[in-house]
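Visitor: I would like to know what the words used for this structure mean, and how each one is decided. Could we take them one at a time?

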Amino acid sequence: SVRVGTHISTGDCFAIKQISKRFLYSEEEREAIRREVRIHCSPDLVHDNIVFLYDYFEDGENFYLVMDHCEGGDLETYMRVNKRKGIIELQAQMLFQQLMTALAHLHDQNIIHGDIKPQNVLLSKKPFSVVKICDFGNARYAKDVRYFSKTGSVSKVPYTSIMGTQGYIAPEILAKDRKSVV
């Protein structure tokens, strides 16, 4: 779950992602949270369109990630609430430009996000003026992250199993031979 927290001395608002250890059955699953934090804490990851991770801590029951608070919520909620109105072309352009800028920055740092979907795209209070990518739980470092763009092959993507959210996984990741789908 994600809750809003307020810094006592400054009054600044932050998003606090709480991950219950009760649902993490293996040490491997707990290590995945720690990997997410290591990737997200990288100084190379600082970018206007990537949610900033300010702090991380854990207790006996939970992991806590203290991050940027994006007052506009996530893109999925925005689209559901504004179903009739939709998104105008200018908003779509702003959204796409900022997402591509963030993804290019990730790839420049040899990072694959691994789970781009509307729930992981956060909006500022004035929707689409600032768009940020969040949730690095499926992120991986990959030396050859640009290999895919040149060859279309995902054979060097560092996943040992299919990762991502059903309905949003790229077809080339799902392909049995792990080669590009035409």
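## Terms set against values

Visitor: How do you know that the length of helix 1 agrees with what a helix should span?

Guide: Helix 1, residues 27–40, has 14 residues, and at 1.5 Å a residue these should span 20 Å. The expected span is 1.5 Å times one less than the number of residues. The end C-alpha atoms of helix 1 are 20 Å apart, so the two values agree.

Visitor: What kind of model is this, and how are residues numbered?

Guide: It is a predicted model in which local features need pLDDT of at least 70 and side-chain atom pairs count only at pLDDT 80 or more, while totals for chains, interfaces and linings use all residues. Residues are numbered from 1 along each chain as its sequence is written, and side-chain values use heavy atoms, with hydrogens and water left out.

Visitor: What makes a stretch of the chain a helix or a strand?

Guide: Both are DSSP runs numbered from the N terminus: helices are H or I with at least four residues, strands are E with at least two. The protein chain has 5 helices and 8 strands. From the N terminus on, their order is β-β-α-β-β-α-α-β-β-β-β-α-α.

Visitor: Why is Ile19 called buried?

Guide: Buried means under 20% relative accessible area, exposed means over 50%, and partly exposed is in between (1.4 Å probe, protein chains only). Ile19 has 14%, so Ile19 is buried. This residue lies in strand 2. Leaving aside neighbours within four places in sequence, Ile19 is in contact (heavy atoms within 4.5 Å) with Leu24, Ile33, Glu61, Asn62, Phe63 and Leu65. In the protein chain, buried residues make up 38% of the 182 residues.

Visitor: Which residues of helix 1 are buried, and what do they pack against?

Guide: They are Ala32, Ile33, Glu36, Val37, Ile39 and His40. The buried residues of helix 1 pack against strand 2 (13–20), strand 3 (53–58), strand 4 (62–68), strand 5 (111–112) and strand 8 (140–141).

Visitor: What makes a group of residues a nonpolar core?

Guide: The members must be buried Ala, Val, Leu, Ile, Met, Phe, Trp, Tyr or Cys residues joined through side-chain atoms within 4.5 Å. The largest such core has 18 residues, of which Leu95, Leu106, Phe128, Val131 and Phe136 touch the most other members. Two or more residues each come from helix 2 (75–81), helix 3 (89–108), strand 6 (121–123) and strand 7 (131–133). Helix 3 gives the most, with 5 residues. Another core, of 12 residues, lies apart from it, and Ile19, Leu53, Leu65 and Cys70 are among its members. In soluble globular proteins, nonpolar side chains tend to be buried together.

Visitor: How do you know whether Phe128 is buried or exposed?

Guide: Its relative accessibility is 0%, so Phe128 counts as buried. Phe128 is found in the loop between strand 6 and strand 7.

Visitor: What is the phi of Phe128, and what is that of Asp135?

Guide: Most residues other than glycine have a negative phi. Phe128 has a positive phi of about 75° and is not a glycine. Asp135, also not a glycine, has a positive phi of about 65°. Asp135 is found in the loop between strand 7 and strand 8, and its relative accessible area of 22% makes Asp135 partly exposed.

Visitor: What makes Arg34 and Glu27 a salt bridge?

Guide: A salt bridge needs a side-chain nitrogen of Lys or Arg within 4 Å of a carboxyl oxygen of Asp or Glu. The closest N and O atoms of Glu27 and Arg34 are 2.8 Å apart, so the pair qualifies. Glu58 also forms a salt bridge with Arg34, at 3.6 Å. That pair links distant parts of the chain: Glu58 is in strand 3 and Arg34 in helix 1, 24 residues apart. Lys21, Glu27, Glu31, Arg34, Arg38 and Glu58 are linked in a network of salt bridges. The structure holds 10 salt bridges.
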